[in-house]
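Please read it alongside the sequence and the model.

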Amino acid sequence: MTMNASPFNQDWWNRKFSKVPGLEVRFDESMSRHTTLSIGGPADIYVLPDTEASFEDLLGLADREQAPVTVVGGGSNLLVQDGGIEGIVVSLRRLARLEEHAERDAGILVAGGGLSLARLLRFCAERGYTGLEWASGIPGLLGGAVRMNAGSFGFEMKDSVESLSLVDRSGRTHRIPGSEIPFRYRDWGLEGDRFVLAANLSVGLAEPVDVLNRITLYLEEKRQRQPVSDRSAGSVFRNPPDGSAWKLIDEAGMRGAVEGGVRVSETHANFFVNDGTGTAEQFSALLDRVKRAVEETAGVRLEPEIHILGRVRSIHV
Ligand SMILES: Cc1cc2nc3c(=O)[nH]c(=O)nc-3n(C[C@H](O)[C@H](O)[C@H](O)COP(=O)(O)OP(=O)(O)OC[C@H]3O[C@@H](n4cnc5c(N)ncnc54)[C@H](O)[C@@H]3O)c2cc1C
């Protein structure tokens, strides 16, 4: 029989956390349901807070109990190991408010960390806000996109972050101006655990139809370049300075390389796609093979862009 022998189980939760209101809780929740790769073993405890206050309370108590906490967004840049994730995994999907500044000319949107980029863009197209169209087709949530400093077509999240509401590991929330976040390539540059509760985004004003046209154009471009309808986690490796990871992978002859149910995409060699039977072990084996091949042919050490979380093996008893 396979079962989770982690100390962070239902009994533990019921003893310590059952009084925190506003949380939906699931035990041994398969993370393959919450990643765009459809890969990942079970989270010991998977929690969806209904409100910002319930998330803050959860963090405060988890800190006092010294329980591991992992916050996930859309799971679109994640490889979760086959052994799942120890402790509490929090999805902020329900913290998805979206408000316009009282004065439209101020060009500020207030958005929850759990808001999907897709919904944010729909709103921008309806209400005539410009500046974020480049993000069309990125399947993440706002908090994950800020954390990753997601970018495309020469734009990045950092260009639009006016300020962030960040909650720390003890559940205290602070407002930080965007100018104080040391954003860099595909990373926000902050040390330690801090989580995006909400962001104030700077946007310009434009005709709704023009915004919609740009969103559609970027999406079309992305569809041509990337395997958007396959199960993937976006770019596997960061681009090296002055180079493209996909080009190096291609030149190393690894386009189409396969490990079990995971293959290097024929459409974009820096995307690995899962045919539905793949595992994290296979994904990691392919990642190592590709990395070695590029190092041998080009002398470049590629670094992963995806975040790898969790325990390597399942626990059997
Ligand atoms: C088809 C496809 C296309 C893509 N195209 C692009 C692209 O053009 N450009 C690009 O940059 N990326 C792209 N990606 C990658 C990915 O979508 C982005 O990095 C996205 O911003 C990740 O957001 P997420 O919510 O899914 O984060 P997740 O993958 O869930 O998490 C990523 C990291 O952020 C942390 N995190 C999540 N939420 C929060 C929060 N609220 N506060 C603090 N930390 C948090 C997680 O712990 C993890 O470390 C693509 C992915 C796919 C599958």
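## Domain interface and ligand surroundings

In contact with one another, taken as heavy atoms within 4.5 Å, are 7 residues of domain 1 and 9 residues of domain 3. This is a predicted model, in which local features need pLDDT of at least 70 and side-chain atom pairs count only at pLDDT 80 or more, while totals for chains, interfaces and linings use all residues. Residues are numbered from 1 along each chain as its sequence is written, and side-chain values use heavy atoms, with hydrogens and water left out.

The domain assignment, which is automatic or from a database, places domain 1 at 10-91, domain 2 at 98-225 and domain 3 at 245-301. Between the C-alpha centres of domain 1 and domain 3 there are 30 Å. These two domains bury about 550 Å² between them, 64% of it on carbon and sulfur atoms, where buried area is the accessible area (1.4 Å probe) lost on putting two parts together, summed over both. Across the interface of domain 1 and domain 3, the rule for salt bridges (a side-chain nitrogen of Lys or Arg within 4 Å of a carboxyl oxygen of Asp or Glu) finds 0.

| Residue | Protein atom | Distance to a ligand oxygen atom |
|---|---|---|
| Val-71 | polar backbone atom | 2.6 Å |
| Leu-141 | backbone N or O atom | 2.9 Å |
| Lys-222 | polar side-chain atom | 2.6 Å |

Of the 980 Å² of accessible area that the ligand has on its own, the protein covers 95%, as computed by the Shrake-Rupley method with a 1.4 Å probe.

Note on methods:
A polar contact is a pair of N or O atoms within 3.5 Å; within protein, one must be able to donate a hydrogen and the other to accept it, and residues adjacent in sequence count only if both atoms are side-chain atoms.
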